[in-house]
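Please open the structure in the viewer and keep the sequence panel at hand.

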Amino acid sequence: MKKVTNVFWIALALVLLAVAYGAMAPENFAEVTGNIEGFLTTSFGWYYLLIVSVMVLFCLFFLISPMGQIKLGKDTDKPEFSFATWVAMLFSAGMGIGLVFWGAAEPLSHFAIDPATAEPGSNEAFRESMRFTFFHWGIHAWAIYAVVALPLAYFQFRKGEPGLISATLKPLFGDRMNGPLGTLVDVIAVFATAVGVATTLGFGTIQINEGLAFLIDGIPGDNFVVQLIIIAVVTILFMISAWSGLSKGIKYLSNTNMVLAITLLVLVIILGPTLLIMNMFTESLGAYFQNLVKMSFRAAPIDGENRAWIDGWTIFYWAWWISWAPFVGIFIARVSKGRTIRQFLFGVLMIPTLISFIWFAAFGSTAIDVQNSGVDLTGLLTSEVLFGVFNEIPLGVILSIIAILLVTTFFITSADSATFVLGMQTTNGSLHPANAVKLTWGVAQSSIAVILLSAGGLDALQTALIIAAFPFSFIMLLMMGSFYKALNLEYKAIKRKR
C-alpha cells in the first residue's frame with residue numbers, strides 16, 4: 001500500500017461518503033440525485049447529443065486520417081494479446097453484463113411498453129425498437145470509450161507518460177497536471193469507476209438471483225440473503241483472478257466470456273424465430289445507417305412526449321457510457337499497446353458494434369415474437385425478461401443455465417478489470433499495481449454493492465453516477481484537444497524527416 005497516491009485516499013473517502021448517504025437516507029438520496037439528474041437531462045440534453053456526435057466524428061477522422069498509421073507504442077512494439085483475445089477483452093469490459101441484462105428487455109420495452117414514436121405493439125414499433133436499440137449500443141457508445149482509451153494509450157505507450165487521465169492533458173496544461181488540478185481530474189475518474197462498477201455488480205447480482213430462482217424451486221427471487229451469498233462467491237473468484245494478473249486471469253475469463261456468449265447467441269438464433277431474426281438484423285442494420293444522423297441529433301424540442309422518451313433513453317445512455325468511460329477507456333488502453341491508431345479504432349468501433357447488433361437482433365426479435373404469440377412479458381422485471389423468454393422456447397433450462405454462467409463470468413471480468421484499473425489509477429499509473437491495492441478496491445466494490453442492495457439504494461447511486469458523468473464529459477473534450485495537438489505535432493515532425 002506504500003505506493004498509493006493522494007488520489008486513492010480522496011476517492012475512497014468520497015465513495016464511502018456517497019455510499020453511506022445512500023445507505024442511511026436512501027429516500028432523500030434518491031430524491032436529491034433524481035432532481036439533479038432530471039435537471040441535467042432536461043437542460044443539457046442538447047449538449048450530450050452534440051458532444052457524443054463530435055466524439056463519433058473525432059474517431060472517424062483518425063480512422064481515415066494518415067495519422068492513423070502511428071502506433072500506440074514505440075515503432076517496434078508488437079501487440080501483447082492476439083486479435084481474438086483483444087476483442088474478447090474489449091467486449092467483456094465494455095458491455096458485459098449489460099448485453100445479457102438488456103438483450104431482450106430493451107427491444108421489448110421499445111416495442112410493447114414505451115415506443116419512441118410508434119403505437120405500442122405495431123409493426124412500426126417493432127422496426128423502431130430494433131433501430132433505436134442498435135443506436136444506443138452501437139458506434140456512439142464505443143466512440144465514447146475510444147475517446148478516453150486512445151489518448152491514454154498514446155501518451156502512456158508512445159510518450160512514456162503514466163497511465164493517468166491527468167497525464168493526457170499535459171499538452172494543454174503542462175506541469176499543472178502534476179499538482180492539485182491533476183489530482184482532481186484523477187479523483188473524478190476513480191470515483192466514476194468505483195461507483196459505476198459497484199452498481200453494475202449489484203444489477204448483475206440481481207439477475208443471477210432471478211435466474212437461479214427461475215431454475216431452482218425453493219430459491220426466492222429478489223432476496224437479499226441469496227444476493228449476499230452470490231456476491232461473496234463472486235468476490236472470492238474475482239479476487240483469485242485479480243491476484244493472478246492481467247495476462248492470466250482477465251485474459252482467460254474474457255475468452256471464456258466470448259465462448260459462452262457465442263454459444264448462447266447461436267442457440268437462440270437456432271431455437272428462436274431464425275428467419276425473423278435474420279430479416280430483422282438485415283433490415284435494422286440498413287435502417288440504423290439510414291437514420292444515423294437523424295437519430296444522433298434528435299432533440300424533439302417542441303414535442304414534450306417524445307422529448308421525455310429521449311431524456312429517459314438516449315440521453316440517459318450517453319451519460320451512462322460517459323460515466324463508464326474512465327474505467328473502460330483505461331482498461332482498453334492498457335490492453336492495446338502495439339496497435340496502430342487505425343487498427344485500434346477499427347477494432348474498438350466496428351467489431352463490438354457488429355456483435356452487439358447481432359445479439360440484440362437475436363434476443364430482441366425472439367422476445368417480441370414471444371410477446372406477439374400471446375405471452376405477456378411486459379409485467380416482468382427487467383432482470384426477469386430474459387428468463388421469461390427462455391421459458392417459451394425449446395431448451396429453455398439449458399439456455400438459462402448458460403445465461404447465468406455468462407452473467408457470472410462477465411461479473412467476475414468486470415470486477416477484475418475494475419480492480420486493476422482502480423489500482424493503476426491510485427498508484428500513479430503503474431502497469432502492475434500491488435495486489436494489496438487491487439484487493440482493497442475489490443473488497444470496496446463488493447461492500448458497496450452489498451450495502452446498496454440491503455438499503456435499496458442501487459438506483460439512486462446509478463443516478464449519482466450519471467451526475468458524475470457531466471463534469472467528466474468536459475475532461476473528455478479536453479482529452480480530445482490535447483491528443484490532437486500532440487499527435488499533429490508528431491505527424492508533422494515525421495513528415496519533415498521523410
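A contact, as the word is used here, means heavy atoms within 4.5 Å. On that basis, residues 24 or more positions apart account for 82% of the contacts in the chain with a separation of 6 or more. The model on display is a predicted one.

**First stop: the whole chain**

Display the complete chain as a cartoon. It contains 20 helices and 0 strands. The radius of gyration is 22 Å, close to the 23 Å that the globule rule gives for 498 residues, so the chain is as compact as a globular protein of that length. Along the principal axes, the C-alpha atoms fill a box of roughly 65 × 50 × 45 Å.

**Second stop: helix 1 and helix 2**

Select residues 6-24 for helix 1 and residues 26-43 for helix 2. At what angle do the axes of these two helices cross? They cross at roughly 115° and come within 5 Å of each other. Next, show the side chains at the contact. From helix 1, select Ala18, Tyr21, Gly22, Ala23 and Met24; from helix 2, select Pro26, Asn28, Phe29 and Val32. By class, this contact has 7 nonpolar and 2 polar residues, with no charged ones.

Move to helix 3, residues 45-64, and select leucine 57 within it. Is leucine 57 buried or exposed? Its relative accessibility is 56%, and exposed means over 50%; leucine 57 therefore counts as exposed.

Select residues 139-158, which form helix 8, together with residues 341-372, which form helix 16. Their axes lie 9 Å apart, and the helices pack at an angle of about 150°. Because angles over 145 degrees count as roughly antiparallel, helix 8 and helix 16 are roughly antiparallel to each other. Helix 8 passes helix 16 in a right-handed crossing. To view the contact, show Ile139, Trp142, Ala143, Ala146, Ala149 and Leu150 on helix 8. On helix 16, show Ile341, Phe344, Leu345, Val348, Leu349, Pro352, Thr353 and Ser356. Colouring this selection by class gives 12 nonpolar and 2 polar residues, and no charged residues.

Definitions and conventions. Residues are numbered from 1 along each chain as its sequence is written. This is a predicted model: local features need pLDDT of at least 70, side-chain atom pairs count only at pLDDT 80 or more; totals for chains, interfaces and linings use all residues. Side-chain values use heavy atoms; hydrogens and water are left out. Axes are lines fitted to C-alpha atoms, for helices over the stretch in contact, and angles run from 0 to 180 degrees between N-to-C directions. Helices (H or I, at least four residues) and strands (E, at least two) are DSSP runs, numbered from the N terminus. Angles under 35 degrees count as roughly parallel, over 145 as roughly antiparallel, 65 to 115 as roughly perpendicular and the rest as oblique. A crossing is left-handed if the near helix is turned anticlockwise from the far one by less than a right angle, and right-handed if clockwise. Ala, Val, Leu, Ile, Met, Phe, Trp, Tyr, Cys and Pro count as nonpolar, Asp, Glu, Lys and Arg as charged, and the others, Gly among them, as polar. Buried means under 20% relative accessible area, exposed over 50%, partly exposed in between (1.4 Å probe, protein chains only). The radius of gyration is taken over C-alpha atoms; the globule rule is 2.2 Å times the number of residues to the power 0.38.
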